[in-house]
Amino acid sequence: MTAQITIHTEGLTKHYGDVRALVDLDLDVYAGEVLGFLGPNGAGKTTAIRTLLDEIRPTAGRAEILGMDTHESAVEIRRHIGYVPGDLALYPNLTGRDTLTYFANLRGGVDWSHVDELTRRLDADLSKKVGDLSSGNRQKVGVIQAFMNRPDVLVMDEPSAGLDPLVQREFQAMMREVAAEGRTVFLSSHTLSEVQRVADRVGIIRHGRLVAVESVADLRSKAMRRIELEFDSPVEASVFGAVPGVREITVEDHRAVLTYDGKMDVLLKTVADRYDLVDITTREADLEEIFLTYYRDEVNA
Ligand code: ATP
């Protein structure tokens with residue numbers, strides 16, 4: 001069974017005068033996944049989200065959420081999504097609880113036991129006026145607001161900003177649970193470690209253009225690794241050089257050190273066929289390196 005597409009964009013484009021903030025975005029996001037939308041400051045993440053949510057009109061292209069046109073059905077769509085905007089604006093004089101009551105009323109009621117659970121998990125304080133909270137604690141109110149109606153689609157623009165590491169972990173678990181329930185999370189982030197931990201797929205955006213969309217697992221398997229192999233007898237460099245994906249080889253008697261961006265399985269089968277492997281150490285690929293590789297490629301291109 002193929003998963004249902006919950007977010008769909010076609011040639012979505014936004015120019016601000018000469019600034020091409022978003023260029024020709026074609027993207028499908030599926031029910032049951034967390035999509036990490038990753039890019040540096042100014043890459044176009046916020047523009048993409050605001051265009052997608054009909055807060056700003058695209059220069060060209062269109063989008064659908066849950067099969068509905070994001071412009072024509074904007075009001076209906078709002079009932080099915082949770083949204084944490086990048087520039088969260090809340091009434092400073094309302095307490096957290098009053099703020100959530102306000103949003104709950106807009107949406108025709110809410111299950112307060114669920115709100116209480118979210119509050120506990122994020123260690124939020126709903127008794128204080130929102131204006132008196134630190135930015136991280138205010139952010140928690142925004143996150144609860146987005147999660148509280150168990151929306152089919154969650155769209156969040158840098159939602160972890162200001163959350164301390166323990167709360168971030170809990171928040172990541174909450175996102176995984178949403179996906180496990182068959183709902184969708186669209187998570188904009190510039191934090192690689194977060195995306196690496198929480199996302200199924202990652203879309204990398206740079207200068208308004210989507211430069212890659214891949215599963216985190218595929219990205220990892222493609223990444224350059226440094227591998228040290230130790231054998232029970234002296235080895236020849238040519239055996240390693242024949243494996244596609246081996247970049248650099250240093251052979252010293254019983255030991256070989258490689259830089260490799262192919263599949264581990266292929267490498268191991270090839271060498272184990274020739275020699276008896278005694279030990280192997282490999283440094284796990286870091287998404288950061290992959291991310292930089294993409295950006296370097298772009299620059300070179
Ligand atoms: P950040 O992580 O810093 O929020 P971002 O990836 O969300 O970055 P955007 O805010 O979408 O990036 O900005 C994309 C580009 O569009 C930037 O060059 C920005 O300066 C420009 N831009 C955004 N909003 C406007 C606007 N209202 N008028 C003119 N230019 C804008």
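**A ligand shell and a helix pair**

Visitor: Where is E158 placed?
Guide: In this predicted model, E158 is placed in the loop between β7 (153-157) and α6.

Visitor: What is phi of E158, positive or negative?
Guide: Phi of E158 is positive, near 50°, and E158 is a residue other than glycine.

Visitor: And what about phi of D54?
Guide: D54, also a residue other than glycine, has a positive phi near 65°. The loop that holds D54 runs between α1 and β4 (60-65).

Visitor: Let us turn to the ligand. Which residues surround the ligand?
Guide: The surrounding residues are Y16, V19, A21, P40, N41, G42, A43, G44, K45, T46, T47 and E158.

Visitor: How far is an oxygen atom of the ligand from the side chain of N41?
Guide: An N or O atom in the N41 side chain is 3.1 Å from an oxygen atom of the ligand.

Visitor: What about T47?
Guide: For T47, a polar side-chain atom lies 2.5 Å from a ligand oxygen atom.

Visitor: How much of the ligand does the protein bury?
Guide: The protein buries 58% of the 630 Å² that the ligand exposes when taken alone.

Visitor: Which elements give two or more residues to the shell?
Guide: Those elements are β2 (19-30) and α1 (45-52).

Visitor: Which element gives the most?
Guide: α1 gives the most to the shell around the ligand, with 3 residues.

Visitor: A new topic, then. At what angle do α4 and α6 pack?
Guide: Helix α4 (residues 112-122) and helix α6 (residues 165-180) pack at about 140°, and their axes are 9 Å apart.

Visitor: Why is α4 called oblique to α6?
Guide: The angle of about 140° makes α4 oblique to α6, because roughly antiparallel would need an angle over 145 degrees, and roughly perpendicular covers 65 to 115.

Visitor: Which residues make the contact?
Guide: From α4 they are L118, R121 and L122, and from α6 they are V167, E170, F171, A173, M174 and E177.

Visitor: How many of those are nonpolar, polar or charged?
Guide: The contact of α4 with α6 has 6 nonpolar and 3 charged residues, and no polar ones.

Conventions. Residues numbered from 1 in each chain as written. Predicted model: local features only at pLDDT ≥ 70, side-chain atom pairs only at ≥ 80, totals over all residues. Heavy atoms only, no water. Axes fitted to C-alpha atoms, helices over the stretch in contact; angles between N-to-C directions. Helix = DSSP H or I, 4+ residues; strand = E, 2+ residues; numbered from the N terminus. Parallel < 35°, antiparallel > 145°, perpendicular 65-115°, else oblique. Contact = heavy atoms within 4.5 Å. Nonpolar A, V, L, I, M, F, W, Y, C, P; charged D, E, K, R; others polar. Near = heavy atom within 4 Å. Polar contact = N/O pair within 3.5 Å; in protein donor to acceptor, adjacent residues only side chain to side chain. Areas by Shrake-Rupley, 256 points an atom, 1.4 Å probe, with all protein chains shown as cover.
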